[in-house]
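Student: Please take one part of this structure and go through it closely. After that, show me where it sits among the rest.

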Amino acid sequence: MEIEELKTIWQQYDSRLDHLEKLNKKLIMETLSKKPQKKLNAMKARSLFSLVLLPFILIFLMSLNFRLENLDFKFVVGSLLIALFIAVMCYLNFKGYMVLKGLDLSKDSIIESAKKVTEFRRLFVTKRKFNLLVFPLFFVGVVLIEWSNLHFHSSILLVMIVISLFSIGIGCLDLKLYKCKIERLEKDIRDLNESIE
Amino acid sequence: MDYQKLQTDFIEIIEDNKKLIYKVSHMYCDNADDVKDLFQDIISNLWIAYPNFQQKSKVSTWIYRVSLNTAISWFRDYSKQSNKIEYTNWIPNIADETDRTVDELCDQLYRAIDTLGKIDKAIIMLFLDDTSYEEIAEIIGLTKTNVATKISRIKLKLKEYLSNN
């Protein structure tokens with residue numbers, strides 16, 4: 001089939017679309033009032049929440065046990081681990097938020113949009129990877145901070161083992177989804193690079 | 001401009017360009033529900049951008065840009081995407097028996113286009129819609145020369161796919 005034939009088919013398809021029904025104005029009005037950039041706004045809100053509120057919540061929870069008598073080596077190491085976790089999370093969330101904020105569907109060219117979306121997805125994947133790798137350190141940090149309050153009864157140890165196993169299980173499941181996401185992202189990056197070449 | 005007038009003008013613009021929005025939605029989705037969702041998202045995004053539309057470019061260029069950007073940056077759960085291809089269901093149910101060949105050819109064309117990357121899909125759609133190279137370059141964000149090169153490469157890819165299938 002030659003390209004001219006494709007054009008002819010496309011024109012036939014186009015002329016058949018002339019018979020589309022008139023759009024229902026009432027439905028359009030409902031769409032306008034109900035779905036203003038729903039998905040994008042939800043993502044921006046989530047991103048802003050992780051950027052602003054999450055560190056506050058973590059710092060608040062940490063501060064509950066902040067007493068002078070607790071200040072020992074374990075507490076300091078625990079605090080550093082948690083601070084490291086919060087700092088990297090904040091950095092990644094900030095970058096993600098800035099990418100979403102900079103997305104302007106009416107002004108950006110298709111390539112610009114695709115680059116921003118790819119960058120956002122790349123950050124999302126990095127965050128997942130970071131969570132999988134660093135979350136155990138965060139967990140250790142919490143245990144170290146709370147060390148003075150922990151009484152290692154067998155029941156507490158059991159609960160900690162169950163939580164750890166549960167986290168590992170979720171991590172393994174997440175890894176499968178994560179691999180799919182990476183494959184799709186890599187394909188899109190290849191497409192994008194091909195388009196820019 | 002008062003709100004009522006803004007709405008009326010907007011609906012008129014959408015009505016005049018609905019074919020274009022349908023085509024973009026169909027190009028980037030592979031089942032009827034997703035097509036509907038994307039169509040609605042495009043209209044929402046157009047409505048949000050409409051008050052700032054300064055008519056510096058053609059209305060169709062602006063609609064193409066918002067529609068394609070929405071389709072490409074459409075954030076959704078990719079794991080829910082189905083691989084089932086239902087191209088014929090996208091075409092409005094207005095065909096009689098004599099249109100069957102057109103349906104088949106449209107299927108073939110869509111299958112061929114579906115093998116392309118997201119940006120190549122946008123370029124070929126604009127090309128098939130007889131958009132000028134300048135306009136394609138403006139919408140996509142490439143130079144005119146790059147657009148010409150891309151189009152010849154895409155034509156080759158499509159030709160190869162169609163001759164093998």
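Tutor: Start with Ile123(B): apart from neighbours within four places in sequence, Ile123(B) is in contact with Ile136(B), Ile140(B), Val147(B), Lys150(B), Ile151(B) and Ile154(B). Contact here means C-beta atoms, placed from the backbone, within 7 Å. The model is predicted, with local features needing pLDDT of at least 70 and side-chain atom pairs pLDDT 80 or more, while totals for chains, interfaces and linings use all residues. Residues are numbered from 1 along each chain as its sequence is written, and chains are lettered from A and ligands numbered from 1 in the order written.

Ile123(B) and Ile140(B) have the most contacts inside the largest nonpolar core, a group of 54 residues. Such a core is a set of buried Ala, Val, Leu, Ile, Met, Phe, Trp, Tyr and Cys residues joined through C-beta atoms within 7 Å. Buried means 20 or more other C-beta atoms within 10 Å of a residue's own, exposed 12 or fewer, and partly exposed in between.

Ile123(B) also belongs to a meeting of two helices: Asp120(B), Ile123(B), Ile124(B) and Phe127(B) in α6(B) touch Val147(B), Lys150(B), Ile151(B) and Ile154(B) in α8(B). Six of the residues in this contact are nonpolar, two are charged and none is polar. (Ala, Val, Leu, Ile, Met, Phe, Trp, Tyr, Cys and Pro count as nonpolar, Asp, Glu, Lys and Arg as charged, the others, Gly among them, as polar.) Helix α6 of chain B covers residues 118-128 and helix α8 residues 144-164; their axes are 10 Å apart and the packing angle is about 95 degrees. These axes are lines fitted to C-alpha atoms over the stretch in contact, and angles run from 0 to 180 degrees between N-to-C directions. The two helices are therefore roughly perpendicular; that word covers 65 to 115 degrees, with under 35 roughly parallel, over 145 roughly antiparallel and the rest oblique.

Asp130(B) lies in the loop between α6 and α7 (133-140) of chain B. Its phi is near 60 degrees, which is positive although the residue is not glycine. Most residues other than glycine have a negative phi. Asp130(B) is exposed, because 11 other C-beta atoms lie within 10 Å.

Chain B as a whole has eight helices and zero strands. These are DSSP runs numbered from the N terminus: H or I over at least four residues for helices, E over at least two for strands. Of its 165 residues, 35% are buried. Among contacts in chain B with a separation of 6 or more, 59% are between residues 24 or more positions apart.

Chain A has six helices and zero strands. Here 17% of 197 residues count as buried, and 86% of the contacts between residues at least 6 apart join residues at least 24 apart. Helices α4 (residues 73-101) and α5 (residues 110-145) of chain A pack at about 165 degrees, their axes 9 Å apart. That makes α4(A) roughly antiparallel to α5(A). Their contact holds 19 nonpolar, five polar and five charged residues.

Glu186(A) lies in helix α6 (residues 154-196) of chain A. With 12 other C-beta atoms within 10 Å, Glu186(A) is exposed. Its C-alpha atom is 9.2 Å from that of Arg122(A), 64 residues away along the chain.
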